[in-house]
Amino acid sequence: MAEEALLQVNRLKKYYGISQGLFKKDIIVRAVDDISFTVHRGETFALVGESGCGKSTTGKTILRLTEPTEGEVIFNGTDVATLQYNDMRSLRQQMQMVFQDPYASLNPKKTIKQLLMEPLRVHKKFKEKERLQKVTEMLDIVGLSKEYLDRYPHEFSGGQRQRIGIARAVILQPDFIVADEPVSALDVSVQSQVINLMLDLQKEFGLTYLFISHDLSVIEHMTDRVAVMYLGKIVEVADTETLFKDPKHPYTQALISAVPISHPAENKERIILKGDVPSPANPPSGCAFHTRCPFAMDICRQKEPETLLFEDGHTATCHLYTTKSREELNYVTSDSK
Amino acid sequence: MLDFVIKRFLQVIVVVFLALTVVFFLIRLAGDPTTLFLPPDAPREQIEEYRELLGYNRPLYVQYGDFMYNAIQGDFGESLRSQEDALGIVLDRLPATFQLAITSLILALFIAIPLGVLSAYKRNTVFDRIGVGLTVVGQAVPSFWLGLILIFLFAAQLQLLPSGGGGTPVHMILPTLTLAAYSVARFTRFTRSAMLDVLQKDYIRTAKASGVPTMRLIMRYALRNSLIPIITLVALDLGVLLGGAVITEAVFSWPGVGRLLWQSLMNRDFPIVLAGVFIIALIYAIINFVADILYAYVNPQIRVK
Amino acid sequence: MASSLPQGEQALGSVLKSKQKTKIGEFFSNLSRSWTGMLGFGIIMLLLFLSIFGPWITPYDPMHAEFSKGLLPPLTDGHLLGTDHLGRDIFSRIIMGARVSVIIGIATACIAGVIGTIVGIIAGYFRGWIDIVLMRLVDVQLSFPFIVLVLVINAIIGAGLRNIIISLAIGGWVIFARVIRSEVLALREKEFITSSIATGVSRLQILVKHILPNLFTPIIILASLQIGTYIIAEASISFLGFGVQPPTPAWGNMLNEGRDYIFSSWWLVTFPGIAIVITALGVNLFGDWLRDTLDPELKGE
Amino acid sequence: MSDAILKIKNLKIEFKSGKETVQPIRGVNFELKKGETLGVVGESGSGKSVTSLAIMGLLPERTSKIVDGEINFKGNDITNLKEKQYRKIRGNEISMIFQEPMTSLNPVFTIGQQLSEPLRQHRNMSKKEIEKAVINVLNQVGIPRAEQIINEYPHQLSGGMRQRVMISLALLCEPDLMIADEPTTALDVTIQAQILELMKNIKQENDMSLLLITHDLGVVAEMCDRVVVMYAGEIVEVAEINELFNEPLHPYTRGLIDSMPTQNTRKERLYSIRGQVPRPNEITKGCVFANRCPLAFSKCFEETPPVFARDDHLSKCWLQNTKEGEVV
């Protein structure tokens, strides 16, 4: 396939220090710990994982909303991670973000007009007169009436605010949008409206999405490829369909099996993981997942697994595939499905 | 915990050090102290002689270093009036101030906490409205005026209590009431709002859902949770209490540090002012320190890591 | 798609349309819902009126001493609230005293507010070592009783209206710095700020266009709540013989002068005190109302 | 039916905020049979949580009022019970699990102290016996090291653990009815699977009835025997679980099911219900769903539909208007 890489993340790390007082060493939290992936132009790439796995931090670090500790983020050929302040600022018109909480992400003191004008003004797009025209058009595209221009965010419902948030991101016609849990704060019946809007916009403007979510059914529906994160690391990457049909990593398998059924008659084999996600401040040795893994072996406790490539860009980072023969491999994957 | 204690201790030292520095320089900037001892028409040589004698002719930083060096050893010089050791005079007055402040604090807490709890529990009833009204009015009454009114009523009109001075328990009644009154108003308000805040928390709903009776819910659960913010607020407010003590002492001629400080300011007796500032800063810093430890004690999220 | 919105949403629209024009109307309609707020506002208006038009409404010259008429009780000889030991009309002096209180309250709030806000913004927005230094300073000052600090400063730099304002401002700026800094810190973490950074808005513009407008409310609330404190503090210090000096009529120094006559002439210490209580009450009530209306989150200290 | 443990009849609740009054619950009817798991599904503002609080007698005292209707528990009307009598039921015969395990436990008391509370209130047990019972129930909900956990504070436990503690708190007095209000919404998927599994087992072992309140149709499909669908303060549909998914009668239920991503072709537009849930003060005459309903006709905007029944399948929609079906 002639897929053009729009974004390449190479060995990205984001560590936080938590101060423990005068005499103790800071605790280092490895929120994002050495991850690499590539997002192709025009696709929707998903980051999935549970709370604390580092998926949101990854999104923010890519956009330099927090500074990376180490690694490269190559967007359209430029390394975002080392850009100067002003260059970064102007690059932002090509990479935008949609936030989870539509209540918190819009300045309560600004009108919708001011909120949508700001991106155009900052990047000096269009002449002053054309800007209002542009804002009205954008509102129409996201399904809001231009009568709303002088309203404040608190006068809108959650779904409408998320439309405004999306309009604000798309109005600059960026190439790339990081969408951080864009529908998880919304009611079920509104969720589908916003998903549809995002699908429509992608088609219309040829957008590339980095879609961050914990909701596997939404991910299965609207993304092209998925990276599964656990404790700051990517454990598996695959085409969405492949991932849901043939998950390799035991964590992915458990995650998919944990999704509630969609019809009462459905009979689903569950892998119930034991215990909780360990703290990223004190991750387990070896493979971080070994404390909860139903297939954990001795080697998993001692050594970090390497990433293995299966067919079609499907990769998984697990010792099961580095130590076992082909036959055993088949056994593991088909048995656990 | 040790970590925390050391950190706070260092902070106490910094506070006291800076307080002294600021006051020292303010005093020096405000004018040459020698003029205070001599008649305005004193000849130049006499002034120079005096300056030399008291060391005021040296550069300011030398004087400052000298002052700090002595201050660390507890030597703030002698009172310009009585020629006694300044710190000694201040320390002599300390017990009286403690007596007044601690009695008032205890009195205020004993009145304010039950009142605040009751007000929160009966919120929006007539009782609560009256309680809130009183606290609002109470906060608008300056303590010195309340003191004057109490003197007028109990000393001038009824002639029941002495209008000032110290020594006997009877002398304590009016100053204590005066000093406690303002704190009662504020502490009641704190308690009420802290209780209201806690009463709407999810865990109170959980306790209700387990069938805990209302009285137990308030006394054992909500009050215990409210203590955390109450302690913080009361500790922050002790500065107001201490400040109030200075004024109350002045009103009632209570022989404490506050009155001494006031008189020394009037007389421009700066060694005593410096020693007084030192003691007040130290006391307040220590109180805050104790409050922090108490806070950690009632809050397991800090105590148990 | 807009047409598919429920009717309620559209109805809401027409109601809110004329919003911009009626900010003042909104203020009064909010105020009319709270009798305490109205009372506070009324008292403040009265004070402002007295402090501006005082000289024209006083029945007597507040400075005019007439020893033969000393210590007249209230309601004698046309003196509503009586006279003091020098025979000056207490009612007139109280009216003129309002001016001192108003000037001190407002001037101090402005000076302390501006200094504190600037420091708070610098510390909160730029963080780093400057934040550490400034906040240590604030901590240190806050760990010294406000009134004692003001008293000591005022005693050293000398009495007088200007000096008491300076002393109060030196004592008062730290609260503004502390509160504004924490507001800025909280704002910095708000998602709408992150959203603006993601949009490409520059640091300066974020400060000016997003953070400053959101600080307006807390500054106003805090200032209105502090004015009462300043007025009482000034009265206390004037009472102690510093602050505003006689013969300028200020409520605090009136009480100081009247103190010696407490056993014989009660009105000397009663009426100026009542004036202080009413003023502080009015300012506090209005401040509380402002806080409750503008910022429900700040409710409860 | 005599085997109903809980009957809600025509429940109406009013909330006061300032001078405005709103009715978040307007005439709710349903019953919960002994031993069954009944799901209550709805979006925010549907009134599902208010209903559950009303059953527990935990509505905010001064700002809300039950204006009409009856809550009948085990044959007794508990609608207007005195606080003192209600207390004997709460945590004893009816218990409740809340959505937020992080805030539902008191931060200043140990797990043991909090768990002994229902036993202290409802059972006459010695300290030793209480401790034994607490450890026992902690073991039952799968908490390791129960003997140590009872001396720990909530902040020392993870979210999943805290929800287990909440479940054990609800279990302590072996209630007849357990109400779970969005018990897994705040949890991660793998933890949600653990907790749902646990609740299934516990319900069976303890022979309880379960009222499960959720917005998640997946959780409903997983757990429930019967489902009540609520919309804007009313019940719009009641059905047996399979029937609800196979043959939803109310357009709202149909819309909800159809908009589940799994019911749609991948990468295609999802089915979606237009508009949004009305606020309580926006409700006018006619059917509450009419302004969002793709099938609405003039009658829907004029008259509130009654409840129509097809066997045990109830639906509040004019489309089901057949003479014999009308219940009212």
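Which helix gives the most to the nonpolar patch? The answer is H4(B), with 5 residues.

## Basis of the model

This is a predicted model, in which local features need pLDDT of at least 70, side-chain atom pairs count only at pLDDT 80 or more, and totals for chains, interfaces and linings use all residues. Residues are numbered from 1 along each chain as its sequence is written, chains are lettered from A and ligands numbered from 1 in the order in which they are written, and side-chain values use heavy atoms, with hydrogens and water left out.

## Chain B as a whole

Chain B has 12 helices and 0 strands. Helices (H or I, at least four residues) and strands (E, at least two) are DSSP runs, numbered from the N terminus. The C-alpha trace of chain B spans about 85 × 55 × 30 Å along its principal axes.

Of the 305 residues in chain B, 50% are buried. Buried means under 20% relative accessible area, exposed means over 50%, and partly exposed lies in between (1.4 Å probe, protein chains only). Among contacts in chain B with a separation of 6 or more, 73% come from residues 24 or more positions apart; a contact means heavy atoms within 4.5 Å.

## Surface patches of chain B

Chain B exposes about 14100 Å², and carbon and sulfur atoms supply 66% of it. Accessible areas come from the Shrake-Rupley method with a 1.4 Å probe; for residues, only the protein chains shown count as cover. A nonpolar patch on this surface includes B:Leu107, B:Leu118, B:Phe127 and B:Val170, and its residues have about 680 Å² of accessible area together. Helix H4 (86–121) and helix H7 (169–199) of chain B each supply at least two residues of this patch. B:Leu118 is found in helix H4 of chain B and is partly exposed, at 38% relative accessibility.

B:Asp75, B:Glu78, B:Glu84, B:Asp85 and B:Asp92 form a negative surface patch. Patches are made of residues with over 30% relative accessible area and no salt bridge, with like charges joined within 9 Å and nonpolar side chains (Val, Leu, Ile, Met, Phe, Trp, Tyr) within 5 Å. Lys and Arg count as positive and Asp and Glu as negative, while His and the chain ends are not counted. B:Asp85 lies in the loop between helix H3 (60–72) and H4 of chain B; its relative accessible area of 38% makes it partly exposed.

## Buried parts of chain A

In chain A, 9 of the 9 residues of helix H9 (residues 250–258) are buried, so this helix is largely enclosed by the rest of the structure. Tyr, Leu and Ile occur in it as A:Tyr251, A:Leu255 and A:Ile256, which are among the buried residues.

A:His40, in strand E2 (residues 27–40) of chain A, is buried, with a relative accessible area of 14%. Leaving out residues up to four places away in sequence, A:His40 touches A:Glu3, A:Glu4, A:Ala5, A:Leu6, A:Thr208 and A:Arg225.

## Salt bridges

Over all chains the structure holds 44 salt bridges. A salt bridge is a side-chain nitrogen of Lys or Arg within 4 Å of a carboxyl oxygen of Asp or Glu. One of them joins A:Asp34 and A:Arg11 (2.7 Å, N to O). The two residues are 23 residues apart, A:Asp34 in strand E2 and A:Arg11 in strand E1 (residues 5–18) of chain A.

D:Glu234 and D:Lys316 form another salt bridge, with their closest N and O atoms 3.0 Å apart. Both D:Glu234 and D:Lys316 are buried. Salt bridges that share partners also join B:Arg189, C:Asp288, C:Arg291 and C:Asp292 into one network.

Technical notes
The place of a charge is taken as NZ of Lys, CZ of Arg, CG of Asp or CD of Glu.
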